[in-house]
Amino acid sequence: MIISDDNNKNIKNKGASNDAPKCKSQDLEAKEVDFDKTYEKNIRPKTFEEYIGQSALRDTLKITIEASKKRNVPLDHLLFYGPPGLGKTTLAGVIANEIGVNIKITSAPSLERPRDIIGILMSLKGGEILFIDEIHRLNKVAEEILYPAMEDFFIDLTTGKSQSVKTMRVPVPKFTLIGATTKAGALSGPLRDRFGIIHRLEFYTIDELAQVIKRSAKILNIKIDDEGAKEIASRSRATPRIANRLIKRSADYALVKFDGKIITKQIAKEALDSLCIDNLGLVTTDRALLELIINNYDGGPVGVETLSVALGEDVRTIEDVYEPFLLQKGLIARTNRGRRATKLAYKHLGIRYTEQNGQMGLFD
Ligand code: ADE
């Protein structure tokens, strides 16, 4: 799902030509609605065989799963980290399916009260997987409850008040915790130390994304040729979740404008141009961010808080959603005095780089 908003109205669009389509920003975080959930669920791979990409992690997981089956013990707790949309939840589902156990999916912000985490731990059956998304947002109390549950499979319950308070040690079934986070660095040390495997999910290559696109298109009965899949792949920010959304948008476009013709490179290009997704996969907010650094701050460095206020996006969204891909593409650089636009960013936006407008600080 792509939601339009109007956050960029006060930012000059110097790089864009006058006849370019009126571009609103696309919400890359794109909170799921029920329709999207069903759509995503239908195309989600269920086995390692079907799962494309992350080959190093897949190999590690296959060995770990086999070893735990041979030892007849639950799988070690796993922590996946990396930018959103790379398949952390999907992979957790694949693991559960490969082991043949249930998975309970929750996210840290919904485990606000002690009884939330206690309730979910007590509801698990032996061997089951508990998936906690955004685990870096778990509060201290929930973390303290989780430690002995992860380590020795018990929780300490307290009853009564002040002087008559009693602690009861209650066993919980042997389970596997899979934590997912966009910010491994924000996890507390003791929590991080309790995971047996900590793995970063990598951005996808264009070839891998083209495979994801062709697989999803087949399931959804969408006709697309190899070049069409490659065109969508190259504009999907190296992220399968985005690729899957863009096939849908391209299929809508092909249906309405080309009477349901097969999606070719040209149709994909037109469809994505109409959504203001450029040839690198940048959306309006990405370009606005780069233009802001270049036009208003001489190329930077500029602090993320300043960018946040000017763009009307919160700091977390800029850091978690927009920046990782801009960094990966080499369009921005992080310095200890803030972000600066690279020469590549100037080139991409068609802005001439000069020593004045692209001045780099002495200590960058
Ligand atoms: N859909 C989303 N992520 C996928 C992946 N890694 N492999 C196959 N299909 C996917």
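In this predicted model, the shell around the ligand takes at least two residues from each of two helices, α7 (206-219) and α9 (240-258). Both domains take part as well: domain 1 (2-200) and domain 2 (206-274) each contribute at least three residues to the shell. Of the 13 residues around the ligand, those that come nearest are Pro45, Ile52, Gly87, Val212 and Pro240.

Turning to the strands, an open sheet is built from five of them, in the order β4-β5-β8-β3-β9, with parallel pairing. The edge positions belong to β4 (103-107) and β9 (197-200); each has a single partner strand, so one side of each has no neighbour in the sheet. From one strand to the next, the twist averages 15 degrees.

Within this sheet, the pairing of β5 with β8 can be followed residue by residue. Strand β5 (residues 129-133) runs parallel to strand β8 (residues 176-181), and four bridges join them. Ile129 of β5 has Thr176 as its bridge partner in β8. A helix accompanies these strands: α3 (residues 88-99) lies across β3 (78-81), β4, β5 and β8. Relative to β5, helix α3 runs at about 180 degrees.

Together β6 and β7 form a hairpin, and six residues lie between the two strands. Gly160, in the turn of this hairpin, has a positive phi of about 80 degrees. As a general point, strands of a sheet pair through backbone hydrogen bonds, in either a parallel or an antiparallel manner.

Finally, one residue further along the chain deserves a look. Glu355 is found in the segment that follows α14 (343-349). Is this residue buried or exposed? Glu355 is exposed, because 7 other C-beta atoms lie within 10 Å, and a residue counts as exposed if that number is 12 or fewer. Glu355 and Asp298 are 57 residues apart in sequence, while their C-alpha atoms are 9.6 Å apart in space.

Terms used:
Residues numbered from 1 in each chain as written. Predicted model: local features only at pLDDT ≥ 70, side-chain atom pairs only at ≥ 80, totals over all residues. Near = placed C-beta within 6 Å. Domains from an automatic or database assignment. Pairing = 2+ DSSP bridges. Axes fitted to C-alpha atoms, helices over the stretch in contact; angles between N-to-C directions. Contact = placed C-beta atoms within 7 Å. Buried ≥ 20, exposed ≤ 12 C-beta atoms within 10 Å, placed from the backbone.
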